[in-house]
Structures are given as C-alpha cells and as structure tokens.
Amino acid sequence: MTVTQAAVLLPEAEAPPACRREPPLRSEGSSPVKSAGSQVDDASNYVANAAAGDVSAFEHLYRTHLPRVHSLVRRMSGGRDADELTQDVFVRVWQKLGSFRGDSAFATWLHRLAVNVVIERFRQETTRRQRMHDGEEIFETLSAPVRSRDFPMDFEAALLSLPDGAREIFVLHDVEGYKHHEIGTLLEISAGTSKAQLHRARMMLRRYLNSER
C-alpha cells in the first residue's frame, strides 16, 4: 500500500512525507555511480539547451517526464482527454521554458505548470463551480466497485470515479503535496472548501475500498 492509499484509510491524517531511500551499496569492480550533483548538472544542461531551441534536449525532457505528467493529468481529469491535455502541457513547456529561472527544481516547475493547464481546462466548463459545492447526496454517486484482488487497480478505479472537485483536491493534496491555502489559490476557492472536499474524497474512497474487503 502506498502513502497516498494509506491516507484514505486514515482520513483525518495528513499525508506523510515520502520515505527516503538509501543508495544501493556498490560492489568492488562496479562502475562508479554518478553523483547527485552531476545528475542535477545534466538536468540543468538539458533544460538550458531546450530553452535555447535544442529540439533533441527537449525530446529528452519529454521522455523523462512524460509518465509522471500523464499520470497527474489522468488523475486530475478523471481520464477525460488525458492524452490531449498531456500534449497541451508539453506545448506550454516549450513555450515557457525561457521563463524558467531555476528557483525550484525543473520537475517542480513542470508539475505546477501541468496542474495549471488542467485547471484552465476545467475553468472553461460552466458547471465546474457547482461541483465544488455539491450537497451530501454526492456520497451516493460513487458507482459500485468491480470485484478485484488487486488493491492498486481498485484504488485507481475509485479515484477516477470521484466527482471532479473532490478528485482534484485529493490529487493536489495527498498525491502532489500542495497545502490547502495553495489549493485555494489555484482553484479560486477557500481553504475551508479545500479541506471539506479532501475529507469528502477520503470518505468516498474509504467506503469504496472497504467494500472490497
């Protein structure tokens, strides 16, 4: 079970930070491991070269970050137009690379940009504001689960079945690590609404997953 999945079963707890992994020991005669500093330098070089118009450097960034970006987009959008939205993200990256100043890690900048692309798409839907203020009957909208012994697949199915507002906030808070005040700014809602929607999402997910037992 992942940290995110555990948070569902303990709905009042904040998601803990990811566990730190120690680097594997290197046996004698093996090739030296590239230092973290070298890896950062390599990443910075790719970003700088891509910003200067190097298509091959941009393709490297695309291949490296595509899986995580697509996963984020798919989860936030409920699977709707995930491929199209992912491509929109990387078009935006290409357009805005020149504005990246290195104040944060490139991956952090990229994922925040991806979140903004998805949110902009949602803002074009006139019903989005209503989804943030659904009544208690929303607890009855989660469809019955398909029986499976694969917990990760069940979790993904439950996540994609959540109402849009609850799913967005769950992904932003419990998966991406945003704080409630940051989510409020991004989604133009109050921190209190963010907290309420997160509680709602966790309750609905817990209900779904408990029915699998």
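This passage describes the fold, the confidence and selected residue contacts of a predicted model.

The structure is a predicted model, in which local features need pLDDT of at least 70 and side-chain atom pairs count only at pLDDT 80 or more, while totals for chains, interfaces and linings use all residues. Residues are numbered from 1 along each chain as its sequence is written, and side-chain values use heavy atoms, with hydrogens and water left out.

The secondary structure of the chain comprises 10 helices and 0 strands, where helices (H or I, at least four residues) and strands (E, at least two) are DSSP runs numbered from the N terminus. Along the sequence, the pattern reads α-α-α-α-α-α-α-α-α-α. The chain has 213 residues, of which 38% count as buried; buried denotes under 20% relative accessible area, exposed over 50%, and partly exposed in between (1.4 Å probe, protein chains only). Among contacts (heavy atoms within 4.5 Å) with a separation of 6 or more, 72% join residues 24 or more positions apart.

The mean pLDDT, the predictor's confidence in each residue from 0 to 100, is 74 for the chain, and 65% of the residues reach 70 or more. Over residues 5-33 the pLDDT is below 50, and this stretch has 30 contacts in the model beyond near neighbours in sequence. The pLDDT is also below 50 over residues 133-151, a stretch with 35 such contacts. Where pLDDT is low, the predicted coordinates should not be read in detail.

Helices α3 and α8 pack with their axes 7 Å apart, at an angle of about 140 degrees; axes are lines fitted to C-alpha atoms, for helices over the stretch in contact, and angles run from 0 to 180 degrees between N-to-C directions. In this contact, L72, R75, M76 and S77 of α3 meet R167, E168, V171, L172 and V175 of α8. By class, 5 residues are nonpolar, 1 is polar and 3 are charged (Ala, Val, Leu, Ile, Met, Phe, Trp, Tyr, Cys and Pro count as nonpolar, Asp, Glu, Lys and Arg as charged, and the others, Gly among them, as polar). R167 is placed in helix α8 (residues 164-175) and is buried, with a relative accessible area of 1%. Beyond its neighbours within four places in sequence, the contacts of R167 include R75, G78, R80 and L160.

Helix α4 contains T86, which is buried at a relative accessible area of 1%. Leaving aside neighbours within four places in sequence, T86 is in contact with L66, V69, H70 and V73.

The structure holds 5 aromatic pairs, defined for rings of Phe, Tyr and Trp (its six-membered ring) with centres within 6.5 Å; planes under 30 degrees apart count as stacked, over 60 as edge-to-face and the rest as tilted. The rings of F58 and W94 have centres 4.9 Å apart and planes at 75 degrees, so this pair is edge-to-face. Because F58 lies in helix α3 (residues 55-77) and W94 in helix α4 (residues 82-96), the pair ties together parts that are 36 residues apart in sequence. F58 counts as buried at 13% relative accessibility, whereas W94 is partly exposed at 41%. V55, in helix α3, is also partly exposed, with a relative accessible area of 46%. The C-alpha atoms of V55 and W94 are 9.6 Å apart in space, with the residues 39 apart in sequence. Ring pairs also link F100, F106 and W109 into a cluster.
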